[in-house]
Amino acid sequence: MENRRRETSDSYQSPRVLGPADNPQRIRLPKHNSHTMEDASLGNEQVPGGECNEIHKEEDGVMTGLDYQNGISEGRKEFVPPAVGMEFESYDDGYNYYNCYAKEVGFRVRVKNSWFKRNSREKYGAVLCCSSQGFKRVKDVNRLRKETRTGCPAMIRMRLVDSKRWRVLEVTHEHNHLLGNKTYKSIKKTSSGAKRKSESNVDAEVRTIKLYRALVIDAGGNGDSNSNAKAVGNFTDQPNQLSLKKGDTQAIYNYLCRMQLANPNFFYLMDINDEGRLRNVFWVDARSRAACGYFGDVIYFDNTYLSNKYEIPLVAFVGMNHHGQLALLGCGLLAGETKESYIWLFRAWLTCMSGHPPQTVITDRCKALQGAIVEVFPRSHHRFGLSHIMKRVPEKLGGLRNYDAIRKSMIKAVYETLKVSEFEAAWGFMIQHFGVGDHEWLRSLYEDRGMWSPVYLKDTFFAGMSASHPGETLHPFFDRYVHKQTPLKEFLDKYELALHKKHREEVLADIESRSSSPSLKTRCSFELQLSKVYTREVFKKFQYEVEEMYSCFSTTQIHVDGPIIIFLVKERVLGEGNRREIRDFEVLYNRTAGEVRCICSCFNLYGYLCRHALCVLNFNGVEEVPPKYILSRWKKDYKRLYIPDLGSGNAGDRVQWFNQLYRSALQVVEEGVISLDHYKVALQTFEESLNRVHDVEGGQALQAFEDTLNLVPTVENRQDKIAL
């Protein structure tokens, strides 16, 4: 077991993305991928989109099979049925796999066709079929031997691909005859000159089991025929595996396969423990992968359902889109809240995102999470969600005698202090005045204050996900879709429903932002400027800051150091009991560099300038917000103008080309569904682009797509060319 852990850890160290130096022709996506993170899965060949082509494990033993609805008994040992996209190191490995599967199901295998290279006689393709495939020839019909062929369609077609592996390209599972006992021997013709060393059937089966152990999944979730008795809840005596109800694992596998077949840019990985049981799962749909490119700078890792012991051990990567809406960036199912599980999941997400870590990661306050993030995202800013901490105040402090007074004192220290010294003084007063210095939760919270207290996080970019004001909170992405007892199968149905609703909300917000101009409430030039740039929802938030400029007064200069000037802006704020209080805000201004920074750190927290900074700009005669303070991620046309960092060199060019072309195509689709006119323009320009790509050399293909993107929004200029 110790060796296994060491090997797994080593395999995590350097996820490898295949480049032209390895094989410049290896760019095709399989139509089906089943992935595992054990052994060298993250180091295996990556296809465009970051998907692993090969999976295998090296443990011995038989595996518990999938839970089919065709009379197979629970807990039975069997192989996963062949699927499009499976790959094998050699033709013989592929044949042995299909042979073992056939013997489990109850039919014989024969080679229907083989294809060889003309000069080398190297085999490059084959069709393996059921022995009942086809019919006897006419001249053999009258022979005494009983007819056994029924024209059975069951077969698999394999071919040697660029990766020098054998890939399954076509599969038919259905048989048109009764299946026999599982003792059949397969029919395989082998020339005497090409025979390999003799190998017993048992040895062949063991070798095949070693190769495909990762493909086989436990039908009942824990291999126990009495698993129904343990079916409630996720946390059992087996923390090293997912605790699922009967049929859940099959449902997961079917869902992932179906999604991957429907869209090659769907990505998933499955983690198998040493006993061959499903331990962790990770997946990202195509739209979420595209969203990561736009909004993966700040992610909120939501483990609400896992930490609160929901029926489904769900975790989610969540970002914020250009409308201030939550955007799903990936999902997972974990066996437990362990550092190892989190490391596996984060490495899976990082591999899917081509190795680009987020700038900021927001999580619940958890030591296991903290350790995993330090290991996987060492350069990211890890912060604890403030709203998560404040939600736990009633639970942790509710039993104290002066709870109400303590809570108010804590809120004042957390939300109303602007400087570290102010926070320290307010926290110290709370501890001493109420005599709670020995309270374990408050003590540990103070030790971690640099991870959650706003006064310590002024240099951290949160993109609106800080929830640093009273009443703000980070809601679970699947809120209202998942409750305490939601079963896995129901969630898989709700998953697509939730994503469809979220996407619809984003599309409607896009339409609203582009088709209407917000009403202005002031004569401030800042408001007019950004009303033409920001999306509608983000502009509303900025507009509120412009309106609140009128609650600020007495902008005065208090310190000068060369080009740097510090101003003091006074503001009337609503205090306790709805009383108006005056608060002082220091704002640093550098005219030469065009920089302005307020002590409230609104720009880093929310991504736009605050009322105090705007007052200083206005005081100095600046009529427009400097470009550096207008983030592209809040612009109406951000997704059209966004160009990913493709990096330097050619190591991953083909992977990057695929990702960029896919994102560009997705943008055309999203623009094209806004209206019937947009749809017609998008369809026509798609066809024109395809013709252009056929006629140009590789470097100009992306330019053709960019031209298409520019055409779709300008529908009114194309009306004369559309047959309505």
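Begin by selecting Val587 together with Cys598, because DSSP bridges are what decide pairing here (two strands pair if DSSP finds at least two bridges between them): Cys598, in β18, is the bridge partner of Val587. What you have open is a predicted model, in which local features need pLDDT of at least 70 and side-chain atom pairs count only at pLDDT 80 or more, while totals for chains, interfaces and linings use all residues. Residues are numbered from 1 along each chain as its sequence is written, and side-chain values use heavy atoms, with hydrogens and water left out.

Now show the open sheet of 4 strands, whose order is β15-β16-β17-β18 with antiparallel pairing. Its edge strands are β15 (552-561) and β18 (595-598), each of which pairs on one side only.

Move on to helix α17, residues 536-547, where 12 residues reach 16 Å from the first C-alpha to the last, close to the 16 Å expected at 1.5 Å a residue (the expected span is 1.5 Å times one less than the number of residues). Colour Val538, Phe539, Phe542, Gln543, Glu545 and Val546, which are buried in α17; buried means under 20% relative accessible area, exposed over 50%, and partly exposed in between, with a 1.4 Å probe and protein chains only. Looking down the axis of α17, you will find these buried residues within an arc of 155°, so they line one face of the helix (the arc is that of the directions from the helix axis to the C-beta atoms).

Finally, select strand β11, residues 314-320, where 7 of the 7 residues are buried, so the strand is largely enclosed by the rest of the structure. Leu314, Ala316, Val318 and Met320 point one way from β11, whereas Val315, Phe317 and Gly319 point the other way. On the side of strand β10 (residues 298-302), 3 bridges join the antiparallel pair, and Phe317 in β11 is the bridge partner of Phe301. With strand β12 (residues 326-333), β11 pairs in the antiparallel sense over 7 bridges, and there Leu314 stands opposite Leu333. End at the hairpin of β11 and β12, with 5 residues between the strands, where Gly324 takes a positive phi near 75°.
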